[in-house]
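Open the structure in your viewer and keep the selection tool ready. The stops below say what to select next and what is there.

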Amino acid sequence: MTTGYFEVEALKNYLEITNSKISYVAKQIGLNRETLANTLDGYEPSDRTRSKIKLYLNNIIQDLINELNYDVDKHTIVRPKSFRR
């Protein structure tokens, strides 16, 4: 069942890809586990819940970009000089 909110759908995909537990992710987001479970099950999320989910996903993406040394302007991963040929 789709909720119609891209934040919730993105979080569902994130949970599926990473095999994270809902309780762990709810604690990281700052939500009650029951609230997050209800939101993922299709209940209407509040604006506050949606903004917390969006902020959490933005932080995850930013961490990935920083870890991979991804150059947003060039759309490439910048390799360290030691990896270059």
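**First stop: a pair in helix H4**

Select Asp47 and Arg50: they are three residues apart in helix H4, so about one helical turn separates them. The two form a salt bridge, with their closest N and O atoms 3.9 Å apart. A salt bridge here is a side-chain nitrogen of Lys or Arg within 4 Å of a carboxyl oxygen of Asp or Glu. Helices (H or I, at least four residues) and strands (E, at least two) are DSSP runs, numbered from the N terminus.

This is a predicted model, in which local features need pLDDT of at least 70 and side-chain atom pairs count only at pLDDT 80 or more, while totals for chains, interfaces and linings use all residues. Residues are numbered from 1 along each chain as its sequence is written, and side-chain values use heavy atoms, leaving out hydrogens and water.

**Second stop: across to helix H1**

Buried means under 20% relative accessible area, exposed over 50%, and partly exposed in between (1.4 Å probe, protein chains only).

Four salt bridges are found in the whole structure.

Select Lys12 and Glu9. Their salt bridge has its closest N and O atoms 4.0 Å apart. Lys12 and Glu9 are three residues apart in helix H1, so they are separated by about one helical turn. Glu9 is partly exposed, with a relative accessible area of 23%.

Select Ile61, Leu64, Leu68, Tyr70, Val72 and Ile77, which make a nonpolar surface patch of about 520 Å². Helix H4 (residues 47-68) gives the largest share of this patch, three residues. Patch residues have over 30% relative accessible area and no salt bridge; like charges are joined within 9 Å, and nonpolar side chains (Val, Leu, Ile, Met, Phe, Trp, Tyr) within 5 Å. Accessible areas come from the Shrake-Rupley method with a 1.4 Å probe; for residues, only the protein chains shown count as cover.

**Last stop: the whole chain**

Clear the selection. The chain has four helices and two strands, running α-α-α-α-β-β from the N terminus on. Of its 85 residues, 25% count as buried.
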